[in-house]
Every structure is written in C-alpha cells, then in structure tokens.
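Me: I have a structure to go through with you. Can we take it piece by piece?

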Amino acid sequence: MYLKSLAVSEFASLAEARLEALDPGLNVVVGDNEAGKSTLLKALRAAFFQKHRGRGETVEAFLPYCGEGRPSVSIAFSHGGADYRLSKSFLTRPAAELLGPWPSPVSGDAVEEKLAELFGFVHPGRGDSKLAEHQGAFGLLWVEQGRSNGGLDIGAGRDAVTASLEGEVGTILGGERGRSLIAAAKALNDRHFTATGRTAANAPLKAIDDELTRAREDLVGRRAALAELEEKLKRLEDRRRALKGYEEAATLEKAEEALRSAEAAMRRAEDHDREWQAAESAVRQAEAVRTGAAEALKRRDDLVKAVEAARTAFERAAADHAEIDAAARLAVEAVTAAAQAQEEARKALKAAEDRHESHRRRADLSRAVAERDRLSAVVAEAGDLTERIAALAAHRDLLPIDQKSLAAVEKAERRRRDCEVRLQVAAPAVTFEPEADGAVQREDGQAVAAGVPTRVTSRSRYLLGGFGAVTIEPGGGAANLESELREAEAALAALLKGGGAASGDEARRLFAERQDVEAELKLVSARRDALVSDGLDAAKARLRAAEAAADRLNAAIGGEGSKGAAEAEAEATAGESGDDEALAESLVAALNKARRATATADERLRAASKESEAAALRRAAAESDRSHLEAQALRLRSECEGAEAAAPRTTLVDRLAEADADLEAKRGRLALKERERVGDGREAAEARQKAAERTLRQIGRTLQELRDETIGLEAEVRVSGGSGLGETVQLLEEEIADLERRRARTALEASAARLLYETLGEARRAARERWLGPIKTRVAPYLRLIHPESDIDLDEETLELKGLTRAGVAERFERLSAGAREQVAVVTRLALAQVLKQGGHPAAVILDDALVNTDEIRLERMHQVLREAAKDLQVIVLTCRERDFRDLGAPTFRL
Amino acid sequence: MIRLLHTADWQIGKPFGGFDEERRAGLRAARFEAVGRIAALAATRGVDAVLVAGDAFDDNTVQERDLNRVLDAMAAYEGPWILLPGNHDAATTGSVWDRLRPLALRRGVANLVIADEPAPIALAGGRLVVLPAPLRRRHEGADLTAWFDAAETPAAALRVGLAHGALENRLPQGADAGNPIAETRAASARLDYLALGDWHGFVEIAPKTVYAGTPEPDRYPANEPGHVALVELDGPGEPPRIERVAVARYAWTVRTERIDGDAGGLEAVFAAFPDPGHTLLRLVLSGSLPLRQRVELEAAIGHWRERFFHLDLRDEDLYDEPDEDDLDRIDVSGFVRSAIETLRAKAADPADPEREAARLAIRMAYVEHRRLTPSEG
C-alpha cells in the first residue's frame, strides 16, 4: 500500500492543504510549527478510521478554529495493485465515498465497512476510534509527534504482525493450550518448590521429611528406652543369680561362726596378758631393791676413796706453794736490776740528742746568712736599673713627636702639596719672550726668565722693558687657591713648631729617635721587673727580714755558751763542706743507737715487772688451793667416820646378796609367763576378730544391696515391661520404612514436576527466539548503523520493546536515552512494517517529527535507514526542520 | 485316643507399622479373633489340650492390655493350654511369662500351663506326656530338644514334643536357621508327635513332625498360613491323624503381572478375588504401557484400592511407553511438542540421571493436557 495524494480542507487548523504525487518510497513533508503537519496526520487517521457520521469530542475537534465549516479529507492510494480514492466529510453534511477496483463507487456507511475489511481493523462499538485498539497496524505505523520515544504501543497491531509472522515461521508458540499447560506444570512444580527452586514450606516432601524426622527421633528414644530395659533385665538376672549364690553357699552363716570363734580366742589372749603384766611388775620391783643395795655399798666405798684422795691433794698443794713463793722472790730482784739499766740508757740518749740539736741550729744559721747575702745583691742591682729607667723616661719626654702628632704633620704636608698642585693647574702660564735685549721684571723688580712659562697665581704686575707694565689677573678661583695654600702652609708650620722640628723630615727623625728610647725603656723595665717582681720596696723588706733571721739564729747559738757567735757563724758558713755532712750523719747514727738502747731497757723493765706480778698472783692462788684442800680433807674424814659408825660396810654387803637372790626368782616367773603369752598372741587374735567382723558386715551389706537392687529393678521392669516398648520400636521401624518409600515416590514426583516445568519453559523460550527471528533479522541491519553490536529485546507475547542489549549488557527500554529510544522504536516500526507488508498487510509508515532527539551523526545514519527501508515501503516524514532532511534526496512537500 | 489342637506363632502385639491407623487396628484385632476361633474350635472338637508352639507374643514387652485380651479370647476352651516360650517371647528374666503367670492367677485362670522349664508335663490323667523345649534366650545355638531322647515317661503314655525353631535340612533355603532342631528328633526321642512353631506356614515337614504355622497371616510370603492342626493319637507308636483347619480372617496375597501395551486384563484379576474386603493384595506390575493405558490403569487401581482391605502396588518395573497417538493427544504443534521430545529423549537414555523423572514428567504432561481439554477426553 502507498498513499498517492492527499487533500484536506477546513480540517482543524488546516484551511486547505494538498499533497500531490507522493512517492511510493520516501517523502518529506515540511511545515513550520502550527503549519498543520500533525493535523495532516489526524486528517489521514480520520479518513481511514473515523466514521463519517461520527460526532462527539474527537470529531468536533475536526472543525476549523472559527467553529464553522465542513472538514473534508480526500485520499488517493494504491493497495494490492489496485488504485483507490477515498473522500470523507464530517459534521456538516457528512459524506463518504470510496472508488476502487469495482464497477461503481461505494458510499455512505458501506465505505466504513469496506475500509475495515481492506485494512484489517475494527470500528469501535461506540465512541471514537482509538489508536491502539481500533486502528490495526496503523496505530503502530503512523507515529504522532511526541510518541516516537515511547514504546511501540503496538496494541491491535499485534494480531496483524502475528498473522504475518506465522505466515513466515509457522505456529510455534503453542497458543492458549501451550500457555495453559505451562501454567499447569507451574502449579505442579509450585506444589513442591519455591520460586528460587527450594523445597517449599508446604511441599508434600517437606511434610514427609518432618514426619520422618519425628519418627526417627522417636525411634532413637524408644530404642534407648528398650536398651535400658534390656540392660535392667540383665542386671536383674545377674543380681538374682548372685543372691542365689550367696544363699547356696551359706556365706552369711559361715561368717557368723568365724566371728564367734575369733571372739573366744580373743578372750584367752587377754587372760595371758594380764598374768604376764603382774610377773613383769614383780621383776621391776626386785630390780629396784637390788639397785638400792648396790648403790649404798658403792657410796661407802667411794667415800673412803675420797678421803684418801683429799689428803694426797692437800700435800701436793703445800709443796707447790713453797716452790712458787721462791720464784716470786727472784722476780722482784730482776725488776730492780732492769730499772737501773733503764736509767743509764736514758742518760746516754739525752746526751746524744743535745749534740744533734746543736749541730742542727748551726746549719740553720748558715742557710739564713746565705739568703741575706743573695737578697742584698738583688736590691743593689734593682736600684741601678730603676735609676736608668728614670733617665730614659726623661729623654723620651724631651722628644714631643709621637705617632699622632707625626700623622698630623704628614696630613698638613699632603694638604699643602695638594693646594700647590691645584694652583699650578688653575693659574695661567705666561711666557715672556722679549726682544733680544728686552727684559721683564716683576713689580718688585725681580727678573722674570724669558722663554719659559711663568705661573701667575695672583694679580701680578710685570714691567716689560720698552713696553711698560702688564698686570695679569688670573681668574677661575686661582686667587682662592692661593689663599688656601697660604693657610695650609701656616698650619704645617704651626704643627712643626709644636713638635720642635723645622721640617717634616726632621719631625720624622725625632719620632724615630723617640721610638728607640721607648724600646730601651721597655727592655730595662722588664729586666728590673724580672729581678723584683713585686717591686723594689718589697725586695728591701725581704732583705731586712733575712738579716733579722740571721741575727736571731746567731744570738741563739751564742746562748749555748759552748761556742761564740762568730764561731758559730763561721761553722755555719762552712756547713756546706763535706765534713759537716759526715758529722751530721754520725750524730744521727749515735742518736738512733741511744734511742734503741733506751727502748730495749724499757722493754726489759716491763717484762720483769710483768713476770713479777704473775709470780705474785701464782703464789696467791697456790695459797688458796692449799687452804681449801686442807679444809676438804678434814670434812671428808669426819663424814666417813660418821657413816661407818651408823652402818658398817659388812652389813651393806649382806643386803646386796639378799636382793640378788630375790630378783633371780622373779625373773624366772616372768620368763614362764612370757612363753605362755607368745603361744596365743592377743594381737593376732584381735586382728582375726576384726577381720571376721568386717567380713560379716560386708556380706550383710552386699546381701542387703542385692536385695534392695533386685526389688528396685523388679519394680522398674514391671512398670516398663508391659508398656509395649518392643512393639513401639517395631511399629516405628515399619512406619519409617513406609515413609521412606513414600518419600522416594514423592521426591520422584517433585523432580518430574520440576523437569516438566523447566523443559516446557526452555522449549517455549527457544520457540520465542525463533518466533521473533524475522523481526530481529529485519531490524539487525538498521540497528547496526545506529547502535553497532546491539540487539533488541521484544516481548514475544505483546511484541512490545522491552530493551536493548548492547555489547552483552541488557538495558531496559525505558532507561535508554530519549534519542536511543526514538531511534530503536523507529527502526523496529520499520522492521514490523516490512513484516506486515511481507504478510500481505497494508503498510506505510508516517513519522511526525519522530527524530527530534537524535544527534547529527545518528540522524545521518537514520537517513540511511529510511532510504533503505523506503526501497520497498512508503515512508512519509513530517518535519518542521527542513534542513535535517534536506540531504535525504526525497521529494519534499511544503504545507 | 488323645485329641490335640496344635497351633503357633500368634504374634500377639505385632504392630503393622506399614499400614494406616484403621487397617493397623483391624490387623491387630484379627489376631485376638483368631485365638478366639481356636478356642471355639478346641471346645467344639473336645480336644484334650491345646499346644501353642512358641511366639504366642510378638515381644516380651507386649502391652498388659493385650495379655488381658488374649486371656479373654482363650476363655472359650476350658481344657489345658500349653504355652511354650519361643524366640519372640523367650523365657528370659522379666519376660512376658513373668507377668502372665500372676495375671492368670489374679483372674482365676487355672488351665494355663506355661512350659518354661524343660521338664515333662503329664496331661489327660497321665495318658499324655508333653516334652517341652522352651527358649530361655532369643537365640540358642544348641538343640534344646536333645533332652527328649532320654526323657523317662510311662510306657503307656503318649510322648509329644513341643518345640520352637528350625528343623534342620527341611526348611526352604533362606528360612531363619536359628534355634536348630534335629530333623530326626521325633524318631530318636520316640515321639508320637512333634509340634513345632516358628515357620509361619502349615507344613507336615517330617514324619510325625508338623509346623502348624500362624493362624492369622501377618506377611505376604506364600507358605499357606492361616491354619491350625487337629491331631488324633490312638496310642504310643501309632501314626497320628492330622487335619489342617483354616482359621484365618485375612488373606495376604501377592500377584505378579506382566502387562505389555494393554492393562485391560487386570480388571479380571481384581474381580477374581472372592472377598477383596478381607484381602491384602500386593500387586507387582512389570512391562510397559502407552500413556492413555497407564492413566486408565491408575483409575482402575484407584477404584480397587478402595475395595480391597489393602492394595500394595509395586510398579517400579512398569514403564510408560508413550506412542504417537499419546503424543498427538498432547499437542501436535508448538513448543510443547519439542518439550515432550526432549523428555522422551531423556526417558530413553539409560545413562540419564533424570530418566525416571522424565518418564513421570511425560505422564504428567499427558494427564494435565487431557485435563485441560476435557472435550476430547
């Protein structure tokens, strides 16, 4: 199908519009805003889909803006190889006419029926024709302004596309029955699984598993109870057997008999014990009596011996005392002799000390004299040097040119020279060159040399022979310089006079001389200072002190009387000779010898005194011993005599013999009792009795325990024995086996349900892929131009655009940019139009400002797409931007 | 002449855990009813004694209430009941016998003889001596009947052995061989009859030697359970006359059917049972079926499941074999067809771990599809 021409009049904003000779391929209709492009598309839809007799809001909107008129549309189009002409007028005298490949034109309502048949759409029962519901594929193919970047809004066009697709790939979607089966399979699957493929909470398998868990847990508990019961039964049997064993062996009775026998043995042992103790006590008493008798006899004998010993000791002490007394007397004599020797030694020491002291004092005097003489010489030299220093200072003071005044003189000299130089430069030079005998004189008459320049530094008057006089007044400050020079010269002269010099050179010579004098002065001062560092007066004071010291020593020696002062001084002066040293040494040696002799005498006296004291002490001790022993011997003799009088020794001997005989008899009896006791020991009997008691107690306890336990076990077994525990265990085991069978079957059912659902789903997905193939095939080359490596995602049911997959990344359609959305939607519409056309459906695409969001590069590519699509499809582009489509190479129509 | 009723393996207290509550209660009650019928039979036939050859109780911990119920059931016969401890109710310490003896005393039941000692029991005024071999542990390695050989009895008295265990070399392969009994015991001990228990089917297993089996079946093995033996003994050395009398209430039956392509024949199998309401049927199916047949089979089984006392279907070896007709009924076009093809490929691949699930999935798809299109179904 394609539109050949279109004429609109009095239709909304369009008073009159006419498009003639539209191309079967690509067409561009240009119109500014408000020019009525969109109205043109509205008029086209009205002509095809709106019943001409219709009223209501939509149709009322067809009226021109003035509110009056007869909205009319006339279209010529070709379809299925035949030409048609359709005319419709609305509201005012509504009319419709359709000329086609039949004998006479169709008019009125029959036109609407014919159109619906031709273009495969339905008229609404009542109300207006709606795009998505009533206009078949033209809702999809004719795109109003602003609708291009939404979805395809395919609506009723789906049936036409589906029919076309089925013509191409056959019916592969399974239709309603396929959908129902998938729903049924899903329901089966959902009985068992959640959406994420896990076992559902209310799944039959879950219920069986829960029951299995419960039964298994129950079984574990029951088995444990049964095992416990069996264990108790085993214990019961064991205890009964043990009890029977005790009874059969009469264990308790035997133990009682054993205890009785042990008790009798014990009593016998106790009797023997008592008898043995009595015999032992008697022996101990006899032993005590015997010991008393023996001790009395021994005491008597000891006393006799002590008397004899005391006497002997006294005699020995008396002899010792005599001997010690003689020794003490000898010691006293030795002390007297030592005291005399000591006195002599002390006298000799005094003499030696005196000699040595005398010699020492003379040595001191000679040292003092030497010091006095040395100081005297120093004082004399220092006096000479002091005088020389005074003379040099006086000389220096006569030379007034010092460093500072010399510098002033030299500075004045430089200034004067400077003035002279500047005057020479500033003053004019006059050269007189008189004739052969002419002469020149100064005013003062002084001749002036001819032929040589003369500097005129001040107003000068020259008398020229034969001429008269010439006065020259130099200008340029020469006069000032002249006076400055005079000033400088005066200053220099004053300085020189102050320094006592006639000239600068003399001043310099005087300064050199002064420097020489100062150097010498310094040298001499240094020598004196080295001699008397603390000054001459101090040196003189030291000299006086040395003289006094020498006098004092001399006086002291003179006091000794043995030698005169002069003699002493002479000896002292000679003290430095070697003889004196030898003398001093011999004096010291004599002194030391005397000291040693005195020390020896002291020591000997001390030793003799000590020995004498010790001898006196020994003598006192010997005296004490002698008197003590004498008293003791007397006392013992008296005691011995008293005892013998009371009981003579023979009586004591008899008593001891009697006690010995008694002890022997009692020991014999004890030995007898001992033998009896060992024969039936009490300890052994006691141990046997205790063991028998323990055994009896233990047997009693064991029997009681066995009986108690047996009674307890019997009671427990009675309680659980009739509870049907074994039956319950078996029941649970059988139940579990049954549940496991059911579980296996249910698990298989669940697996089958899932497999069926998944397999059906997978098959449907694959079918859909095939189903949408033709559309994708047609879209692919267009898409390559605008979005390379991308693929559209269509809903196979609604055929609506779901998204775009670019480089493997899926993006939802509504999230794409406005530009991408309109481009993808336009190429998909073109592809669907081609599918429709292939299926024999009328298809022409009208795009009203459908690419307003597209950038320039892509717009250019969209041109390529449009040109490509228009090869076998009419495409009408309505636009307000002519330049966007100027290069499209398509016929352009203007509104 | 001495007349005896020989029974065994009552297994009172067996829980039947593999069944639902209702059936469980029915099966448990049936065991008391069987004892009741035995008592009535013994009374009617005027037997001199009833010999119970072990395992009267399923476990030594049998409930007190069950002891009372069994005494109630025994009341119809007033002659002596000789009860022998078997392996399930061995005379151990704290065994059921320790409880039953005082209970009988308390209830004034005087005709109960608990044979828990290996000692001769004289009955019928000394004309009959029963030699019991009670188990005092669950498992005995030795032959407890050995003492019968040397047991002294009056020359005129009949010698009847009473034992519980496996008669050597006589029972089929795989039978429990615990608690052995010499196969020649009847002869070596000069017995006129050896009453045995443990094997649950009725069988005259050796000369003068009989397993009476359980009077009320409790499992599927087909060894003719559900009987008691009525034995008449004319005198020492005379051969016994043995009558097998059925006393069971429920029949436990196993049917194995191979069905290939058509399950229609099963209806006749079900219909052939005379009393399905008292029949426990284990139906083992193998072979393969198209889906529509399989669905029909399921419906039939659903019906019969409600008629039998219990129908235990074992169809692990029955495979779905969807044919083209089945697949056409599912769908001829669209993705469903390709999904079914995928599942068929999995179902046909023995190495595929989801093979079983795939088979079932195809059947589910079939069932669901039929459900969604009832007009064609």
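Me: At what angle do helix H19 and helix H20 of chain A cross?

Reply: Helix H19 (residues 773-786) and helix H20 (residues 818-838) of chain A cross at roughly 145 degrees, and their axes come within 9 Å. Axes are lines fitted to C-alpha atoms, for helices over the stretch in contact, and angles run from 0 to 180 degrees between N-to-C directions. Helices (H or I, at least four residues) and strands (E, at least two) are DSSP runs, numbered from the N terminus.

Me: Is the crossing left-handed or right-handed?

Reply: H19(A) and H20(A) make a right-handed crossing. A crossing is right-handed if the near helix is turned clockwise from the far one by less than a right angle, and left-handed if anticlockwise.

Me: Which residues make the contact?

Reply: On H19(A) they include Ile775(A), Val779(A) and Leu783(A), and on H20(A) they include Val824(A), Val827(A) and Ala831(A). Contact means heavy atoms within 4.5 Å. By class, the contact of H19(A) with H20(A) has 11 nonpolar, 4 polar and 1 charged residues. Ala, Val, Leu, Ile, Met, Phe, Trp, Tyr, Cys and Pro count as nonpolar, Asp, Glu, Lys and Arg as charged, and the others, Gly among them, as polar.

Me: Before I go on, what kind of model is this, and how is it numbered?

Reply: This is a predicted model, where local features need pLDDT of at least 70, side-chain atom pairs count only at pLDDT 80 or more, and totals for chains, interfaces and linings use all residues. Residues are numbered from 1 along each chain as its sequence is written, chains are lettered from A and ligands numbered from 1 in the order in which they are written, and side-chain values use heavy atoms, with hydrogens and water left out.

Me: OK. How do H8 and H17 of chain A pack?

Reply: H8 (residues 204-248) and H17 (residues 682-721) of chain A pack at about 145 degrees with axes 9 Å apart, and H8(A) passes H17(A) in a left-handed crossing. The residues of that contact divide into 11 nonpolar, 4 polar and 8 charged.

Me: Where does UniProt put the coiled-coil region?

Reply: The unreviewed UniProt entry gives "coiled-coil region" for residues 212-275, 332-362 and 591-749 of chain A. UniProt positions are in the numbering used here, feature names are shortened, and annotations may be inferred rather than shown by experiment. In the model, residues 332-362 of chain A are 100% helix and 0% strand, with end C-alpha atoms 47 Å apart.

Me: Changing topic, how many salt bridges are there over all chains?

Reply: The structure holds 116, where a salt bridge is a side-chain nitrogen of Lys or Arg within 4 Å of a carboxyl oxygen of Asp or Glu. One joins Arg619(A) and Asp325(A) at 2.9 Å, N to O. Arg619(A) lies in helix H15 (residues 578-646) and Asp325(A) in helix H9 (residues 251-397) of chain A, so the pair ties together parts that are 294 residues apart in sequence.

Me: And how many across the interface of chain B and chain A?

Reply: The rule finds 2 there. Arg28(B) and Glu727(A) meet in a salt bridge at 2.4 Å, N to O.
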